[in-house]
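Hi everyone, thanks for making time today. Please have a look at the sequence and the model on the screen, and then I'll walk you through it.

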Amino acid sequence: MDLNRDKRDIVNELHKQARKHFRRRRIVMKGIDDLWQADLVEMISYAAQNNDVKMSITLTLNGDSSLLIANYFPAIELDENYVCGLISFVTYHSIPNVDRENNLFHIGNHEITIPIGSYEFSDIADLITSKYHDMNEKGGILNIQANYNTVQTHIKSTIDPIYFDKKQSIGSLLGFSKRKLQQGIEHYSDKTIDITKINTVMIECNIVSGSYINNVSAHTLHQFTLTVGPTYKIVEIPTNVIYLSINTRTINSIVLKVVDQSGNLINFRGEKISIRLHLKPSSHK
């Protein structure tokens with residue numbers, strides 16, 4: 001046995017040049033102790049220096065729908081009363097204000113279909129009038145305008161009546177109740193333009209309690225108002241996280257729902273959604 005040769009082989013193996021350099025993710029830190037990386041950390045020995053916190057948990061749920069479910073096996077066992085707060089919500093604004101419930105405009109014998117999507121008022125008006133003038137052979141003229149002072153729609157068709165009383169009509173978005181509009185007359189919407197279907201985004205969590213909608217107990221963990229337009233990224237990171245009590249000591253599953261002000265699941269049209277939660281003892285300030 002040649003020990004020198006074996007030693008040289010081991011040295012060459014340990015110091016052999018890397019064949020592939022893997023791309024590293026850039027991480028920006030604000031200072032010392034701003035970010036720690038660990039697979040598993042036992043915090044009990046540090047409880048005295050950490051406000052007596054023995055366990056603090058962050059959970060991230062990802063998915064492509066407004067209903068996110070995570071099952072945990074084994075279950076997460078909490079050794080005392082805990083609270084939960086939302087620390088981030090990230091997705092893209094692809095919420096449609098025109099969908100299969102309101103994407104038709106009926107005028108005369110024509111049915112105009114508006115593709116599902118997110119529209120400004122002017123986009124809808126231009127699309128409808130353009131399609132009508134292309135298919136109309138009688139020379140009729142359709143005019144749709146918004147009065148931004150009264151937030152009403154002005155609409156006039158010279159030769160064809162308009163039907164807002166048919167199924168899937170876009171009339172409610174334009175501010176019209178279910179009715180027929182006679183041709184040759186300028187009509188004003190009896191309601192305000194409802195171009196924005198979503199006023200508030202609410203995140204519900206099945207393991208928390210302590211929130212109310214009006215006088216009804218709810219599971220609303222966090223809510224916010226959209227501040228970006230369609231196609232832009234939604235990044236909600238609360239400055240002051242509100243923590244709610246967790247209603248169980250054993251967490252087998254977490255169910256998160258992203259709903260609107262009416263409690264309906266919001267359609268993000270398949271965009272990726274990422275929600276991060278923080279669980280900590282209720283005694284931790």
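Let me start with a question: which residues form a nonpolar patch on the surface? They are Leu-67, Ile-69 and Leu-265, with about 270 Å² of accessible area together. For a patch, the residues must have over 30% relative accessible area and no salt bridge; like charges are joined within 9 Å, and nonpolar side chains (Val, Leu, Ile, Met, Phe, Trp, Tyr) within 5 Å. The areas come from the Shrake-Rupley method with a 1.4 Å probe, and for residues only the protein chains shown count as cover.

Some ground rules before I go on. This is a predicted model, so local features need pLDDT of at least 70 and side-chain atom pairs count only at pLDDT 80 or more, while totals for chains, interfaces and linings use all residues. Residues are numbered from 1 along each chain as its sequence is written, and side-chain values use heavy atoms, with hydrogens and water left out.

Back to Leu-265 for a moment. You'll find Leu-265 in the loop between β18 (250-259) and β19 (273-281). Leu-265 counts as partly exposed because its relative accessibility is 48%. The scale here is: buried under 20% relative accessible area, exposed over 50%, and partly exposed in between, with a 1.4 Å probe and protein chains only.

Now the overall picture. The protein has three helices and 19 strands. Helices are DSSP runs of H or I with at least four residues, strands are runs of E with at least two, and both are numbered from the N terminus. Of the 285 residues, 37% are buried. The accessible surface comes to about 18900 Å², and carbon and sulfur atoms hold 48% of that. If you take the contacts with a separation of 6 or more, 64% of them are between residues 24 or more positions apart; contact means heavy atoms within 4.5 Å.

Next, two of the sheets. Strands pair if DSSP finds at least two bridges between them. Strand β8 (residues 162-163) runs antiparallel to β9, joined by two bridges, and Ile-162 has Leu-181 in β9 as its bridge partner.

The other is an open sheet of three strands, β6-β7-β10 in that order, again paired antiparallel. Its edge strands are β6 (142-147) and β10, each pairing on one side only. Helix α2 packs here too, touching β6 and β7, with about 170° between its direction and that of β6. Two bridges connect β7 (residues 152-157) with β10, and Ile-155 faces His-187 in β10.

What about β11: how many of its five residues are buried? Four are, so β11 is largely enclosed by the rest of the structure. It is joined by four bridges to the antiparallel strand β15 (residues 220-224), with Met-202 opposite Gln-223. Another four bridges join β11 to β18, also antiparallel, and there Cys-205 stands opposite Leu-256.

Last, the charges. Side chains of opposite charge can pair when their charged atoms come close. Counting a side-chain nitrogen of Lys or Arg within 4 Å of a carboxyl oxygen of Asp or Glu as a salt bridge, we get two. In one, Lys-197 meets Asp-99 at 2.8 Å, N to O. Lys-197 is in the loop between β10 (187-188) and β11 (201-205), and Asp-99 is in the loop between β3 and β4, 98 residues apart. Lys-197 is partly exposed at 32%, whereas Asp-99 is buried at 17%. The other salt bridge has Asp-190 and Arg-179, with the closest N and O atoms 3.5 Å apart. Asp-190 lies in the loop between β10 and β11 and Arg-179 in the loop between α3 (171-174) and β9, so this pair ties together parts 11 residues apart in sequence.

That's my tour, and I'm happy to take questions.

Terms used. Axes are lines fitted to C-alpha atoms, for helices over the stretch in contact, and angles run from 0 to 180 degrees between N-to-C directions.
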